[in-house]
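Here are some exercises to work through with the model open beside you. Try each task before reading its solution.

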Amino acid sequence: MLHIYCPHCCEYREEEEFHVKGQAHLARPLDPEACSDKEWGEYLYFRKNPRGLHHELWVHAAGCRKFFNVTRDTVSYEIKEVYLIGEKPSVVAASVSAK
Amino acid sequence: MSDTNSVAIMNQVPDAAAGVRAESPLHHADLATVAHKGNKIGGVHFREVGLMGHLTLRCDPNNAELIGAAARVLGVELPLTPLSSVESGGTIVRWIAPDEWLITVPNDQSFDLETRFRAEMSGHYSLVNGSGGLTIYQVSGENVVDMLKKSTPVDLHDSEFPVGKVVSTVFAKSGAVIRRTGANEFELLVRRSFADYLWLWIQSASAEFGLVVEA
């Protein structure tokens with residue numbers, strides 16, 4: 001079980017209170033009508049599946065019901081960072097490989 | 001009259017004079033008889049506080065005007081610290097989310113409180129009367145923490161869960177808003193549709209300690 005820090009409740013809770021909502025930072029095209037089928041299809045259906053760092057959207061479903069972002073290592077399951085919607089992650093692939 | 005004041009509100013409290021009978025979600029369990037016939041001593045005590053007025057308030061916590069108006073209506077400041085609650089008279093205000101609070105008052109005051117909110121507050125906010133959908137279980141006793149530990153993953157140790165703290169969490173296969181009201185006293189806010197299931201769960205989870213039902 002993961003022990004996840006909710007940035008809204010400001011404390012750690014058990015994983016069963018949360019749901020993962022997939023890849024974070026998906027920006028809807030500003031003008032969908034101007035998209036090619038390929039661009040729209042990639043926005044709608046295609047997601048990253050990295051080995052290593054992954055930025056994900058989570059929701060504290062049984063708690064405050066708020067969304068937030070999590071940076072997680074898909075190999076070790078270690079949570080590197082938790083940050084609010086609208087914020088930029090400080091732990092990114094470049095910063096980890098530089099270590 | 002502003003738009004927000006034209007919201008239709010109605011008194012949801014059943015009118016006893018008109019012959020409408022109010023039944024709490026555990027009405028069918030007949031707790032009065034269970035309390036009379038059941039254990040008089042045990043490690044866990046259970047009581048249903050049904051038919052309270054439950055109001056959900058949502059507004060921007062950074063909007064000083066709305067927060068101030070809510071404080072004037074309630075007589076106490078909204079708790080802005082996560083997982084906290086305030087109590088004044090019979091009114092309890094619980095932090096649910098950064099922009100959401102759950103207020104309980106004695107049922108006969110809920111219509112009056114809702115009317116005053118509509119009169120005092122204007123702008124972007126939401127107030128919903130969910131009285132019919134919720135009920136409160138008060139659980140206490142020397143083994144109450146042992147019983148709760150079987151039901152929820154939340155850390156209930158005194159250092160992590162002081163008196164007055166409120167958490168929304170999973171409880172058994174359902175959910176509950178748990179608030180600590182004393183060293184060995186908790187209040188569970190549960191949905192009406194799960195009330196019977198959780199009452200059965202609590203009976204089962206308390207069996208080894210002895211369950212005392214109060215009514």
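Two residues are in contact here when heavy atoms lie within 4.5 Å. The model is predicted, with local features needing pLDDT of at least 70 and side-chain atom pairs pLDDT 80 or more, while totals for chains, interfaces and linings use all residues. Residues are numbered from 1 along each chain as its sequence is written, chains are lettered from A and ligands numbered from 1 in the order written, and side-chain values use heavy atoms, without hydrogens and water.

**Exercise 1. Describe the interface between chain B and chain A.**

Step 1: start with the contacts. On chain B, 16 residues touch 13 residues of chain A.

Step 2: turn to area. The size of an interface is often given as the accessible area lost when the parts come together. Buried area is the accessible area (1.4 Å probe) that two parts lose on being put together, summed over both. For chain B and chain A this comes to about 1100 Å², with 53% of it on carbon and sulfur atoms.

Step 3: look for charged pairs. A salt bridge needs a side-chain nitrogen of Lys or Arg within 4 Å of a carboxyl oxygen of Asp or Glu. By that rule, three salt bridges cross the interface of chain B and chain A. One of them can be found between B:Glu100 and A:Arg65, whose closest N and O atoms are 2.8 Å apart.

Step 4: ask which elements take part. Helices (H or I, at least four residues) and strands (E, at least two) are DSSP runs, numbered from the N terminus. On the side of chain B that touches chain A, strands S4 (91-97) and S8 (166-171) of chain B each supply at least two residues. S8(B) gives the largest share, four residues.

**Exercise 2. Which residue forms a salt bridge with A:Arg72, and which strands does the pair link?**

Step 1: find the partner. The side chain of A:Arg72 meets that of A:Glu56 in a salt bridge (2.8 Å, N to O).

Step 2: A:Arg72 lies in strand S5 of chain A and A:Glu56 in strand S4 (residues 53-59) of chain A, so the pair ties together parts that are 16 residues apart in sequence.

Step 3: Over all chains, the structure holds 19 salt bridges.

**Exercise 3. Trace the six-stranded sheet of chain B.**

Step 1: order the strands. This open sheet of chain B runs S8-S9-S10-S7-S1-S11, with mixed pairing.

Step 2: find the edges. S8 and strand S11 (211-214) of chain B each have a single partner strand, so one side of each is left without a neighbour in the sheet.

Step 3: follow one pair. S8(B) and strand S9 (residues 174-182) of chain B are antiparallel, with six bridges; B:Thr169 has B:Ala176 as its bridge partner in S9(B).

Key: Two strands pair if DSSP finds at least two bridges between them.
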